[in-house]
Amino acid sequence: MARKRARVGRAASAAEAGQEIAIQTHRLTKAYGELIAVDNLNLTIRAGEIFGLLGPNGAGKTTTILMLLGLSEPTSGRAEVVGFDPTREPLEVKRRVGYLPDDVGFYGGLSGRQNLRYTAALNGLDRSASDVRIGDLLEQVGLDKAADRPVEEYSRGMRQRLGLADALVKDPSIVILDEPTASIDPAGVTDVLAIIEALARDRGVTVLLSSHLLHQVHQICDRVAIFNRGRILAQGKMADLAESLAGDQLELEVGIDGPVETVEAALRAVPGVVKVTRDPHDAHLWRVSGPQSIRNHIATDLAARGMGIRQLRRVGDELDEIYLRYFQRDEGDRDHAA
């Protein structure tokens with residue numbers, strides 16, 4: 001008999017849901033002849049969180065997703081999705097997981113509502129109950145006014161929002177999204193990201209988001225896994241990833257008003273500071289380096305001098321900086337091995 005995990009209630013908070021494991025892989029591997037698309041993948045995604053698979057095209061993200069959905073069989077290793085093995089129990093997984101591919105397809109001559117009704121029928125849902133749900137979903141994704149227009153008249157952003165509604169028709173506990181904001185205009189991206197975030201925050205849905213768009217992932221993901229050539233280089237919260245790269249030394253970006261000479265002297269007087277440089281493009285922005293302890297010293301010392309800090313952040317906390325440094329380290333390791 002198939003093993004089944006208890007589903008997290010829709011009202012549960014992400015923190016409460018985080019005690020459950022929604023997706024887990026152990027040494028999951030997919031090879032196509034000599035090409036290893038996914039290499040010994042160990043991944044744990046908690047229920048109710050938004051988890052980002054981050055990497056360039058061809059890194060192995062889509063291959064991983066297809067194995068999690070039971071649409072591709074791993075060469076070795078195993079996966080568990082809501083308590084089921086996708087290879088042995090693909091139908092059980094599909095009943096509980098909504099999927100939005102990177103190029104979602106609809107019947108262009110049918111309306112958005114009709115396309116969702118078709119999906120509901122394929123999933124064996126009751127017509128009257130599903131019609132109510134479809135109406136709610138169309139409103140949730142902002143397509144209620146366009147619901148009865150042919151999909152062939154929809155923009156790319158509208159199709160992506162319809163794709164989100166389509167993935168949610170069967171009320172899944174997990175939603176897997178493959179490049180959901182690709183080729184969408186900025187306003188459409190904002191709408192789609194807001195919908196994705198609401199799924200986890202308001203409804204307790206687990207979201208696995210695959211993307212190569214760093215800024216968008218940074219906005220909404222609780223944790224990320226950085227992919228390159230089928231391997232995970234690092235995974236965790238962005239702050240933890242930045243911390244692991246920093247080591248004993250810290251570089252801070254400090255925004256502070258005041259005369260240049262006075263500010264520079266105050267920064268150099270902070271215990272532990274070894275280097276102070278001024279941003280060439282912003283007279284009020286400085287880079288300060290030293291041991292980890294300087295973070296607290298800067299705030300207290302400058303406050304004691306009556307200087308107000310308007311910005312204080314660790315250099316490297318932004319996802320694009322983290323991403324680049326892990327990739328540089330990985331490429332360096334490969335060159336060294338070669």
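So, α4 and α6 are roughly parallel to each other, where roughly parallel covers angles under 35 degrees, with over 145 counting as roughly antiparallel, 65 to 115 as roughly perpendicular and the rest as oblique. Helices here are DSSP runs of H or I with at least four residues, strands are E runs of at least two, and both are numbered from the N terminus.

Before I go on, the housekeeping. This is a predicted model, where local features need pLDDT of at least 70, side-chain atom pairs count only at pLDDT 80 or more, and totals for chains, interfaces and linings use all residues. Residues are numbered from 1 along each chain as its sequence is written, and side-chain values use heavy atoms, with hydrogens and water left out.

Back to that pair. Helix α6 is residues 156–168, and α4 packs against α6 at about 30°, axes 9 Å apart. Axes are lines fitted to C-alpha atoms, for helices over the stretch in contact, and angles run from 0 to 180 degrees between N-to-C directions. On the α4 side you have G112, N115, L116 and T119, and on the α6 side L162, A165 and D166; contact means heavy atoms within 4.5 Å.

What about α5? Helix α4 (residues 112–122) and helix α5 (residues 127–140) pack at about 135°, with their axes 10 Å apart. That makes α4 oblique to α5. Here R113, L116, R117 and A120 of α4 meet R127, S130, D131, I134, G135 and L138 of α5. Those residues split into four nonpolar, two polar and four charged. For the record, Ala, Val, Leu, Ile, Met, Phe, Trp, Tyr, Cys and Pro count as nonpolar, Asp, Glu, Lys and Arg as charged, and the others, Gly among them, as polar.

Now the sheet. It's open, three strands, in the order β2-β1-β4 with antiparallel pairing, and a pair needs at least two DSSP bridges. β2 (35–46) and β4 (76–81) are at the edges with a single partner strand each, so one side of each has no neighbour in the sheet. The twist averages 15° from one strand to the next. Five bridges join β1 (residues 21–32) to β4, and I23 sits opposite V81 in β4. Helix α2 (residues 61–68) packs on the sheet, touching β1, β2 and β4, and its direction makes about 115° with that of β1.

Last, confidence. Mean pLDDT (the predictor's confidence in each residue, from 0 to 100) is 84 for the chain, with 85% of residues at 70 or more. Over residues 1–18 the pLDDT is below 50.
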